[in-house]
Amino acid sequence: MKSLQDYTTVIRPDNNGTFVAYIPAISGCHAWVQTPDEARVELVYVFEMIQEEYKEQGRSLRKDVELVIANAS
């Protein structure tokens, strides 16, 4: 079974003063909260819920994706 550590996690500030945390490889695995620490904690809960849902459906979570970070020029 995969764990959260098997995935690239992104935590970034949002434009409304909150933080968004997400796993790019897993659609719907995201959380919006007030601090980066809260984002990490909430993302663990969301990941576990999605993992359980996939298990009940007999599906496997996707493999991680490689992110490319680039500035527009």
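## Strands, helix and core in a predicted model

Analyst: R12 lies in strand β1, and since this is a predicted model, everything I say about that residue is computed from predicted coordinates.

User: OK, which residues is R12 in contact with, leaving aside its neighbours within four places in sequence?

Analyst: With those neighbours set aside, R12 is in contact with T18, F19, V20 and Y22. In space, its C-alpha is 9.7 Å from that of T35, a residue 23 places away in sequence.

User: And is R12 buried, partly exposed or exposed?

Analyst: R12 is partly exposed, because its relative accessible area is 35%, and that value falls between the limits of 20% for buried and 50% for exposed.

User: Which side chain does R12 meet in a salt bridge?

Analyst: The partner is D14, with an N to O distance of 3.6 Å. D14 is also given as partly exposed, its relative accessible area being 22%.

User: How many salt bridges does the count come to?

Analyst: The count comes to two. Besides the bridge between R12 and D14, there is one in which R40 pairs with D37, and there the closest N and O atoms are 2.8 Å apart.

User: Changing topic: what pattern does the chain follow along the sequence?

Analyst: Read along the sequence, the pattern is β-β-β-α, made up of three strands and one helix. The C-alpha atoms fill a box of roughly 40 × 30 × 15 Å when taken along the principal axes.

User: How do β1 and β2 run, and how many bridges join them?

Analyst: Strand β1, residues 10–13, and strand β2, residues 19–22, run antiparallel and are joined by four bridges. The two strands form a hairpin with five residues between them, and in the turn G17 has a positive phi of about 90°.

User: What about β2 and β3, in which sense do they pair?

Analyst: They pair in the antiparallel sense, over four bridges.

User: Now the core: how many residues does the largest nonpolar core have?

Analyst: The largest nonpolar core has 15 residues, and those with the most contacts inside it are Y7, I23, I26, C29, F47, I50 and L61. Its largest share, six residues, comes from α1. In soluble globular proteins, nonpolar side chains tend to be buried together.

User: What is L61 in contact with, apart from neighbours within four places in sequence?

Analyst: L61 is in contact with K2, Y7, I26, F47, I50, Q51 and Y54. Of these, Q51 lies in helix α1, and it is buried because its relative accessible area is 14%. Apart from neighbours within four places in sequence, Q51 is in contact with M1, K2 and L61.

User: And on the outside, which residues form a nonpolar patch on the surface?

Analyst: V41, V44 and Y45 form one, with about 260 Å² of accessible area together. V44 is found in helix α1, residues 36–56, and it counts as partly exposed because its relative accessibility is 32%.

User: Last one, for the chain as a whole: what share of the residues counts as buried?

Analyst: Of the 73 residues, 27% count as buried. The chain exposes about 5400 Å², and carbon and sulfur atoms supply 49% of that area. As for contacts with a separation of 6 or more, residues 24 or more positions apart account for 34% of them.

Note on methods: Residues are numbered from 1 along each chain as its sequence is written. This is a predicted model: local features need pLDDT of at least 70, side-chain atom pairs count only at pLDDT 80 or more; totals for chains, interfaces and linings use all residues. Side-chain values use heavy atoms; hydrogens and water are left out. Patches are made of residues with over 30% relative accessible area and no salt bridge: like charges are joined within 9 Å, nonpolar side chains (Val, Leu, Ile, Met, Phe, Trp, Tyr) within 5 Å. Accessible areas come from the Shrake-Rupley method with a 1.4 Å probe; for residues, only the protein chains shown count as cover. A salt bridge is a side-chain nitrogen of Lys or Arg within 4 Å of a carboxyl oxygen of Asp or Glu. Buried means under 20% relative accessible area, exposed over 50%, partly exposed in between (1.4 Å probe, protein chains only). A nonpolar core is a set of buried Ala, Val, Leu, Ile, Met, Phe, Trp, Tyr and Cys residues joined through side-chain atoms within 4.5 Å. Contact means heavy atoms within 4.5 Å. Two strands pair if DSSP finds at least two bridges between them.
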